[in-house]
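Good morning, everyone. Please have a look at the sequence and the structure before I start talking.

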Amino acid sequence: MIPYGRHYIDEDDIQAVAEVLRHGALTQGPKVGEFERAVADYVGARYAVAVSSGTSALHLAAMVADLGPGDTLITTPNTFVASANCGAFVGATVQFADIDPQTLNMSPTALALRCQGQSRVRAIVPVHFAGLPCDMPAIRAVAKQHRAVVIEDASHALGASYPDGGRVGNGAHSDMTVFSFHPVKHIAAGEGGMIVTNNENYYRRLIRLRSHGINKGDDPTLCKDLGFTDGAPNPWYYEMQELGYNYRITDIQSALALSQMRKLDRFVARRRELVRVYDETFRSWRGVRPGQTHGRDLSSHHLYVLRIDFAALKTSRAKLMWQLAEHGIGSQVHYIPVHFHPYYRRAGQPTDDLAATEQYYREALSIPLYFGLTAEQQRSIIDRLAALTQ
């Protein structure tokens, strides 16, 4: 089976993990900090905090943004549920702004309309869908009008760039940016996530919250009577200063991710080569077209999404997916719109102006795209799609 996405592991990666297993700390050791520094330096951010998953990264970002009951978080419905759930985790109201049908990203115009007349919009979470950066200057401008924190969900976009040449995550247009290191993402850590920021106060609090809310580094001791003996810090003492979580990443995962980081630019370059072949092929097809055509040299291309007129081709999405699977080709749908899920349906938020997202969902199909996909495999995917649709 050719899956829609797959990690790539080589001998360097295996040796990096083996070295930690033989000689290093398995968790809370130096590899975590090395990984954080590598990502921060790569994207051009001051601080980075590695955590157990992209979902936990989003959760902590919502916490340090001080979101809570009575506040509103706005994100796109064209995303995985974690982009919205981070608001629900902290008791905030979650609402959705429709996508631009060309980019499939949050529309700044739709965002401005969603914010109109609301006084408690406190966070905006744009998602760089499939690795294509959103129009961040326009989104930031809307956020400033409402004094809202901007948290970029860049789970798809490590290695992507803004139009000005800066890398996604540098903080030029947001308060925090979140990455994911799930195996189908650009680099794999098994599982893992990262929050990058230029805000020192956010950074300090993120460090605490990922480890139970316990004081870290040079955090001041709050209970002086317990923390000191004869004016000197007690060597065993620690204190939980707020309610946090065990969202730590391990040194094993960080060693793998560090080794993968060294190959990131090569990974992205290969994905772009594959995308160029797909784009050129599907440009002239009947009833099948690339889902995104803008910013191809900016995107890190986590996914390759087609938009297919199933009715015109006299087939269904389910049937086409079954037929592809019969020939060893995996496919997927990214994503079921978040507002379609029962949990968010019950929430009762306005969804009558999400037409672009719903139209895209009716047509969407992701086909295989990953570093290890060979030219021969790509050709077989194209040939099979042609046989089934053209």
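**Loops, helices and a sheet**

At 52% relative accessibility, Gln 28 is an exposed residue, because exposed means over 50%. This is a predicted model, by the way. Gln 28 sits in the loop between helix 1, residues 11-23, and helix 2. Look at its backbone. Gln 28 has a positive phi of about 55 degrees, although it is not a glycine.

Now compare Leu 104. It also is not a glycine, and its phi is positive, about 70 degrees. Its loop runs between strand 3, residues 93-96, and helix 5. Is Leu 104 buried or exposed? Leu 104 has 1% relative accessibility, so it counts as buried.

Next, the loop between helix 11 and helix 12. The peptide bond from His 334 to Tyr 335 is cis, with omega near 0 degrees. Pro 337 is in the loop between helix 11 and helix 12 too. Pro 337 counts as buried because its relative accessibility is 1%. What does Pro 337 touch, leaving aside neighbours within four places in sequence? It is in contact with Pro 77, Thr 357 and Tyr 361. Take Thr 357. It is 20 residues from Pro 337 along the chain, and their C-alpha atoms are 7.1 Å apart.

On to helix 4, residues 82-89. How many of its eight residues are buried? Six are, so the helix is mostly covered. They are Ala 82, Ser 83, Ala 84, Asn 85, Cys 86 and Gly 87. What do these buried residues pack against? Two helices are on the list: helix 3, residues 54-64, and helix 12. The strands are strand 2 (72-75), strand 3, strand 4 and strand 5 (149-153). Just after helix 4 comes Gly 91, with a positive phi of about 90 degrees.

Now a helix pair. Helix 5 is residues 108-115, and helix 6 is residues 136-145. Their axes are 9 Å apart, and the packing angle is about 10 degrees. That angle makes helix 5 roughly parallel to helix 6, because angles under 35 degrees count as roughly parallel. Who makes the contact? On helix 5, it is Pro 108, Leu 111, Ala 112 and Cys 115. On helix 6, it is Ala 138, Ile 139 and Val 142. By class, that contact has seven nonpolar residues, no polar ones and no charged ones.

Stay on helix 6 for a moment. Arg 140 is found there. Leaving aside neighbours within four places in sequence, Arg 140 is in contact with Val 150, His 173, Ser 174 and Asp 175. Now a jump. Arg 140 and Val 288 are 148 residues apart in sequence, and their C-alpha atoms are 34 Å apart in space.

That takes us to a sheet. First, some background. Strands of a sheet pair through backbone hydrogen bonds, either parallel or antiparallel. Here we have an open sheet of three strands, in the order 10-11-12, with antiparallel pairing. Which strands stand at the edges? Strand 10 (288-290) and strand 12 (364-367) do. Each has a single partner strand, so one side of each is left without a neighbour in the sheet. From one strand to the next, the twist averages 35 degrees. Three bridges join strand 10 to strand 11, residues 304-308. Pro 290 stands opposite Leu 306 in strand 11.

Helices pack here as well. Helix 10, residues 264-282, touches strand 10, strand 11 and strand 12. Its direction makes about 10 degrees with that of strand 11. Helix 11, residues 317-326, lies across strand 11 and strand 12. It runs at about 15 degrees to strand 12.

Last topic: the nonpolar cores. The largest has 44 residues. Which of them touch the most other members? Phe 35, Leu 111, Phe 179, Ile 187 and Met 194 do. Several elements each supply at least two residues of this core, including strand 1 (47-51), helix 5, helix 6, helix 9 (251-261) and helix 10. Helix 2 gives the most, with six residues. There is also a second, separate core, of 34 residues. Among its members are Val 49, Leu 67, Val 90 and Val 178.

Thank you. I am happy to take questions.

Conventions. Residues numbered from 1 in each chain as written. Predicted model: local features only at pLDDT ≥ 70, side-chain atom pairs only at ≥ 80, totals over all residues. Heavy atoms only, no water. Axes fitted to C-alpha atoms, helices over the stretch in contact; angles between N-to-C directions. Helix = DSSP H or I, 4+ residues; strand = E, 2+ residues; numbered from the N terminus. Parallel < 35°, antiparallel > 145°, perpendicular 65-115°, else oblique. Contact = heavy atoms within 4.5 Å. Nonpolar A, V, L, I, M, F, W, Y, C, P; charged D, E, K, R; others polar. Pairing = 2+ DSSP bridges. Core = buried A, V, L, I, M, F, W, Y, C linked by side-chain atoms within 4.5 Å. Buried < 20%, exposed > 50% of the residue type's maximum accessible area, 1.4 Å probe, protein only.
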